[in-house]
Amino acid sequence: MATKLELERIDDWRWRLPRAGAMRTDGLVFASAAQVRDLEGEQALLQVANVACLPGIVGPSIAMPDLHWGYGFPIGGVAAFDPRDGVISPGGVGYDINCGVRLLEVPLGVSDLRPRRVEIAEELFRCVPSGVGSSRSDLRLTDRELDRVFERGAARAVDLGFGREEDLEAIEAGGQLPGAEPKRVSKRARERGRDQLGTLGSGNHFVEVQWVDEVYDATLAARLGLAVGGVTVLIHTGSRGLGHQVCDDHLDAMLAAAARYDIRLPDPQLCCAPLGSPEAAAYWGAMGSAANFAFANRQLITHHVRRAFGRLFGAAVEAGVTIVYDVAHNIAKLEEHDIDGRRRRLCVHRKGATRAFPPGHPELAPRFRETGQPVLVPGDMGRYSFVLVGSAGAAAETFASCCHGAGRRLSRHAAKKAARPRNLPRELAEQGIVVRAASRATVDEEMPEAYKDVAGVVDVVDRAGLAVKVARLRPLAVVKG
Amino acid sequence: MSHRLLAHTADLRAELEAPDFAALHDEAVALVRELLVGSSPVAIRIARRPEIDGGTAAPPQPEAERFFRFVRELVYLADAERFLAAAVTLDGGVTLFGETFDPERHASERQIKAVTRHTYRFEKSERGYRVELLFDL
């Protein structure tokens, strides 16, 4: 893409990236004018254009307001492909397959928790392994057990005693993607994942204890179990080394496939294969397995979070911890969407983007049919995160997709340099936030200033009609890798 | 010989320079070790001999691809086996020397998910090698 990329303003929240060069369609960027200015000099817009070059793309190459430079697809990118002539790309899912977030509601008030936030941070840090080499010494899965996790996802974790049946209806796709084929998962991927179920990892992954400090829609909040002063826990992690290896394994095959099917790639990390090809089938079966591993991972962590609260606050609190929702933000799925008045089955890639089904969507569990699907948008560890619900606008414009986070504004290198003379844990403690981390490097790289203000991101999706703001959550205790 | 970090908003981009192919491998070992455990010393206690090029049945790979696969193997061994490489020799194949991650002696800096092909640059000139790598963290 040698063409100069210039956005055309559609309205206050929408910008068109006109089709040019090898692009097969326009780009559509959701952003405020200030966010667009921040994209100047970024490679993210080029990546939106690159995705628009892929065969079989339906509708625009979409970017959410948390758009930033990724590898292959931009982070915050959404693209849908026709199964007849479109493609699937591991680069549109990412290395951390089904990286996602899960929100728990804890039957405590902020005044109960605040005096004990150091204890809960320590307890969570102890029982959820994180950082380099994080693994579980109490759980090492055999190949047979891994296969069951690949096929059944969170349900297998529940079978093994790590949760309850009712947990499953608050998880995207019931915590179990169809189409998983364990035989597609390599030995190397299995070796990476064998003892990583129930672990956090590092980087931007976290377990964060929060409190609800503001409610924007009291009716929706009440339906989701959220009220001002209530306590929540947000878990952010994915498929760990297993998913990373699945991606790596299939990138090589997809590079060869792209050449074989004469698909011109603007970036090798966008390598892909036609949906329906043997290469696509192999990736689909492995990706589904890794996605289900990720659902099971968050289910195990949920179990350990419940136990941690039980140890500190008693059995009634442990029993009362419920899942508000669990949503993937790195995934490709077959979904039905209305395109120009016609119902079509499409392969929707979400790379750093969240599904956002509107009220009434048939795939939602009954308890979310009236509210719409909860959309969980983490911010940074110093400010806040948000809960929204999907709305009809997302179904009409973005293949029912929404933003997934704040989006970085500083590189990790720049953040670490900026944090070097400071003591971030102490600064956060002065704000009432306890941070417990395996690594100072991670805390520095994840400093609040490294991220855009997530409030600006959710304002765009709210005002553009993609989702409705429900509640804001403030951190109390953060566990990082 | 050197390696340094470059700007990239979300992930970690690095540049490596070395006078020859063997020294380039040394730089990659040093970079990955630094990303994983910072300046913690890594002892030479065990060796690994990974099949970088897919084994004898696979066609020979050009240097750029062999090197990319070598870095990918460093990431794999660190995650799957907690193996920290401290040194490498090229002897027809590749032999890595190092030890297993020990949280008592090694700082936990950050895990590496993968090395990506996005912005991968591999340049060979009279002065030696210059490579750019992008890691997903």
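Me: What confidence scores does the model carry?
Reply: The predicted model has an ipTM of 0.89 and a pTM of 0.95. For chain B, the mean pLDDT is 91, and 94% of its residues reach 70 or more.

Me: Why are α9(A) and α10(A) called roughly antiparallel?
Reply: Helix α9 (residues 240–260) of chain A packs against α10(A) at an angle of about 170 degrees, and their axes are 9 Å apart. Angles over 145 degrees count as roughly antiparallel. The two helices, α9(A) and α10(A), are therefore roughly antiparallel to each other. Their crossing is left-handed.

Me: Which residues of α9(A) and α10(A) meet?
Reply: From α9(A), the residues include A:L242, A:V246, A:H250 and A:M254. From α10(A), they include A:Y283, A:M287, A:F293 and A:N297. By class, the residues of this contact are 12 nonpolar, 3 polar and 2 charged.

Me: What makes A:A173 a buried residue?
Reply: The count of other C-beta atoms within 10 Å of A:A173 is 22. A residue is buried at 20 or more, and A:A173 is therefore buried. This residue lies in the loop between α6 (154–159) and α7 (187–193) of chain A. Although A:A173 is not a glycine, it has a positive phi of about 60 degrees.

Me: How do you know whether A:D262 is buried or exposed?
Reply: A:D262 has 7 C-beta neighbours inside 10 Å. Because a residue with 12 or fewer is exposed, A:D262 counts as exposed. The loop that holds A:D262 runs between α9 and β10 (273–274) of chain A. The phi of A:D262 is near 55 degrees, a positive value in a residue other than glycine.

Me: Which residues of helix α4 in chain A are buried, and what covers them?
Reply: In α4 (residues 117–127), the buried residues are A:R117, A:I120, A:A121, A:E123, A:L124 and A:F125. Their cover includes α3 (110–113), β8 (206–215), α10 (278–313), β18 (434–437) and β19 (467–480) of chain A.

Me: How many residues does each chain bring to the contact between chain A and chain B?
Reply: Chain B contributes 30 residues and chain A contributes 36. On the side of chain B that touches chain A, at least two residues come from each of α1 (21–37), α2 (63–81), β6 (114–125) and β7 (128–136). That side of chain B has 14 nonpolar, 7 polar and 9 charged residues.

Note on methods:
Residues are numbered from 1 along each chain as its sequence is written. Chains are lettered from A and ligands numbered from 1 in the order in which they are written. This is a predicted model: local features need pLDDT of at least 70, side-chain atom pairs count only at pLDDT 80 or more; totals for chains, interfaces and linings use all residues. Helices (H or I, at least four residues) and strands (E, at least two) are DSSP runs, numbered from the N terminus. Two residues are in contact if their C-beta atoms, placed from the backbone, lie within 7 Å. pLDDT is the predictor's confidence in each residue, from 0 to 100. Axes are lines fitted to C-alpha atoms, for helices over the stretch in contact, and angles run from 0 to 180 degrees between N-to-C directions. Angles under 35 degrees count as roughly parallel, over 145 as roughly antiparallel, 65 to 115 as roughly perpendicular and the rest as oblique. A crossing is left-handed if the near helix is turned anticlockwise from the far one by less than a right angle, and right-handed if clockwise. Ala, Val, Leu, Ile, Met, Phe, Trp, Tyr, Cys and Pro count as nonpolar, Asp, Glu, Lys and Arg as charged, and the others, Gly among them, as polar.
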